[in-house]
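Student: I would like to learn how to read a protein model. Could you walk me through one, feature by feature?

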Amino acid sequence: MLFLNSKEAISYILKGDIEIVKKSNITLNFKWGEVFVHRTNSEIISCAKSQSYVFDHLVLMANFMQQFRAYIGNKGINITSGWRGVDFNNSLPDASSTSYHIDGLAFDFNVSGLTPRQTQKNFVGFAKQHGCEWGKNISFTHMSYPQVLANTLKTITKRSKVSRNGAFEEFIY
Ligand SMILES: [Zn+2]
């Protein structure tokens, strides 16, 4: 198992070794390919070139998801949407134009053996402990990085809870 941190992942990508990166691990159970799920190689390369902070965020997110995985008894987690480039995000009819997915600070996911509703019931307790926000959807669960930590990241700009209220009706923090 090859583990790559954000700097290493970027360096491999810029050398042309993107396939190695996609197969390598961020944490024990989450790979780089999973946090870039559905994204094309050219989108990922462009992200590595111009938004390197996204890679740091994705590492934080994967670690957070790893903790949630333990919290629910090590069930498998399938990330259905991770980082999204601005253009792709804005092409989605239901996505907020200020979505944290653009910063690599939100994942949509499903848990093996649990319906989204059951997952969300489990997620409430975890979210309260860690100060994160989440969104309910009939077919997946959305989680964004714990606000308390996100606020310390300089790359998160001009987005406050206030400005996001419209986008997050189910905001719990
Ligand atoms: Zn989402």
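Tutor: Gladly! Let's begin with the idea of a contact: two residues are in contact if their C-beta atoms, placed from the backbone, lie within 7 Å. Keep in mind that this is a predicted model.

Student: What share of the contacts with a separation of 6 or more comes from residues 24 or more positions apart?

Tutor: In the protein chain, such residues account for 62% of those contacts.

Student: Which elements does the chain have, and in what order do they run?

Tutor: There are 9 helices and 4 strands. Starting at the N terminus, the order is α-α-α-α-α-β-α-β-α-β-β-α-α.

Student: And how do I read burial?

Tutor: Count neighbours: a residue with 20 or more other C-beta atoms within 10 Å of its own is buried, and one with 12 or fewer is exposed. Here, buried residues make up 34% of the 173 residues in the protein chain.

Student: Which residues of α5 are buried, and what covers them?

Tutor: The buried residues are V54, F55, H57, L58, V59, M61, A62, F64, M65 and F68. Their cover includes the helices α1, α3, α4 and α7, along with the strands β1 and β2.

Student: How do α1 and α5 pack?

Tutor: For a helix pair, look at the angle and at the distance between the axes. Helix α1 (residues 6-14) and helix α5 (residues 52-71) pack at about 135°, with their axes 9 Å apart. The two helices are therefore oblique to each other. Their crossing is right-handed. On the α1 side the contact is made by S6, A9 and I10, and on the α5 side by S52, F55, D56 and V59.

Student: Where does α7 bend?

Tutor: The bend is at F123, by about 30°. Helix α7 covers residues 116-130, and its 15 residues reach 20 Å from first C-alpha to last, close to the 21 Å expected. F123 is also buried, as are T119, Q120 and A127 of α7.

Student: Are H38 and N74 buried or exposed?

Tutor: H38 counts as exposed, because there are 12 C-beta neighbours inside 10 Å. N74 is exposed too, with 11 other C-beta atoms within 10 Å.

Student: One last residue, please. Where is G85 found, and with which residues is G85 in contact?

Tutor: G85 is found in the loop between β1 and α6. Leaving aside neighbours within four places in sequence, G85 is in contact with E43 and C47. G85 and R39 are 46 residues apart in sequence, yet 8.5 Å apart in space, C-alpha to C-alpha.

Student: Why is G85 partly exposed?

Tutor: Because 19 other C-beta atoms lie within 10 Å of G85, while a buried residue needs 20 or more.

Technical notes
Residues are numbered from 1 along each chain as its sequence is written. This is a predicted model: local features need pLDDT of at least 70, side-chain atom pairs count only at pLDDT 80 or more; totals for chains, interfaces and linings use all residues. The expected span of a helix is 1.5 Å times one less than its number of residues. The bend at a residue is the angle between axes fitted to the seven residues ending there and the seven starting there. Axes are lines fitted to C-alpha atoms, for helices over the stretch in contact, and angles run from 0 to 180 degrees between N-to-C directions. Angles under 35 degrees count as roughly parallel, over 145 as roughly antiparallel, 65 to 115 as roughly perpendicular and the rest as oblique. A crossing is left-handed if the near helix is turned anticlockwise from the far one by less than a right angle, and right-handed if clockwise.
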